Amino acid sequence: MDYTWHFQIVWDYRAVFVRGAIMTAQITFWATLIGLTLGLALGLMRRSEFFLLRAPAATFIELFRSTPALVQLVWIYYSLPILTGLQLSNTTSVSIGLGLHAAAYFAEIFRAGVNSISKGQWDAARAIGMSYSKAMRRIILPQAVRRMIPPFINEFASLIKLTTLGSALAVYELLHEANNLINNTYRPLEVYTVLALAFAVIIYPIIYASQRLEQRWQLRQ
Amino acid sequence: MTEILIKARNVQKSFGTHHVLKGIDLDITKGEVLAIIGPSGSGKSTFLRCMNFLEEYDHGEIWFGTELVGYRKAANGSLVKDKASRIAAIRTRMGMVFQNFNLFPHMSVLENVIEGPTVVQRRDRAEVIAQAKVLLDRVGLAAKVDDYPETLSGGQQQRAAIARALAMNPELMLFDEPTSALDPELVGEVLDVMRSLAADGMTMAVVTHEMGFAREVADRVMMMDDGNRVEIDTPERIFTNPSHPRTAEFLQRVLR
């Protein structure tokens, strides 16, 4: 293959990548915030003994886990306004859509973390007169959070990657910026290569950190 | 007149179709040490756990002093489940020690002991710490106050768990097979602590397989089998002249 690489072009347009990266970071931030808050609530609800709390949480979680994220985004952007008259901007749609998507997964991480704490810990907490919420806050969660952090980081990394779906709604995140750049420069090979590397450089350290944490905490247990 | 601390009447409990408690009656008087013995699966742990409502009995009544445990009487006389806060309040007056210790692994020994008194009873922290140190000294763990449970032996963990229960100043101590998960050489140190508690006049209900302990320390021994109270009597009579053949047969098996 005698292709001549012109990475200089990508460097010349570095501002475009920075702009895209900022948008990607913003979407990730909001989606994580929504995902964590809602996920915590859903995870708690799903463990509830009350059917009226448990059932909606389970329905939401399973619905979002069994449909593609891209379908969720286009539904929120195109179908929601038709049904409700509520038209969200494309960026808001992606942030909320991915937030809801992440919530379903965070809820399951949360639930699995709490369930992994032995029943004896609940017994001991109740035996000294703790209420459910006190036992959860003081005894169960401090132990469970530690087990939830590695899978949470993994989910966070996958959320960053999912922001590229925003390009389907013309959100100017990294992938969409890259596509535009290609239309101007006709250099898909360089642009996509740099794009892929940029993601790898951001995400690999996150995954690495999660693996290290997992190892360290396993050793200590 | 002797004060009755626990009064259980016709206590029944089912797990699905499995009838584990078939109507237990029992009085525990203040200052008494009661040993509960019987084969595994006889319902003795379940019954003990009903006393502080970690297990919800579904028939009969358990009274702790003047309070009905876990239920309240509705206007029409039927029993309805009590408020969680009142159940929790009753639990603070009983200490419980578990087979698997169940210390809080993210807290040091001292933090384990002061957690209930400070967070649940909201007592003065400095006073609680002082009391905790006395208790830990008493169970032989003065040197371990700042250690974490994972670094302790089973016997040390169980003694810390006893100190944790005592720090609540309970009126009654419940022991659920406290030595069953221990290596044989560690059983003695835990039984010694329990013996000294008994000598101090603590009211205790002890589910145990340690027949030597039951015989020496208990004021009365209750034999359970298949969800029933087979008999209850002084250790002398239970161990030398049981009135029920099921007791004799059980003791013959465990004491040989």
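Begin by selecting helix 1 of chain B, residues 44-51, which lies across strand 1, strand 2 and strand 4 (59-64) of chain B; its direction is at about 60° to strand 2 of chain B. Helices (H or I, at least four residues) and strands (E, at least two) are DSSP runs, numbered from the N terminus. Axes are lines fitted to C-alpha atoms, for helices over the stretch in contact (heavy atoms within 4.5 Å), and angles run from 0 to 180 degrees between N-to-C directions.

This is a predicted model, in which local features need pLDDT of at least 70 and side-chain atom pairs count only at pLDDT 80 or more, while totals for chains, interfaces and linings use all residues. Residues are numbered from 1 along each chain as its sequence is written, chains are lettered from A and ligands numbered from 1 in the order in which they are written, and side-chain values use heavy atoms, without hydrogens and water.

Next, display the open sheet of four strands in chain B, whose order is 2-1-4-5 with antiparallel pairing. Two strands pair if DSSP finds at least two bridges between them. The edges are strand 2 (18-29) and strand 5 (67-68) of chain B, each pairing on one side only. Strand 1 (residues 4-15) of chain B is joined to strand 2 of chain B by nine bridges. Select Val11(B) to find Ile24(B) of strand 2 opposite.

Then select Met222(B): among the residues that it touches, not counting those up to four places away in sequence, are Ile24(B), Leu26(B) and Phe47(B).

Finally, turn to chain A and select residues 192-210: this span is 100% helix and 0% strand, with end C-alpha atoms 27 Å apart.
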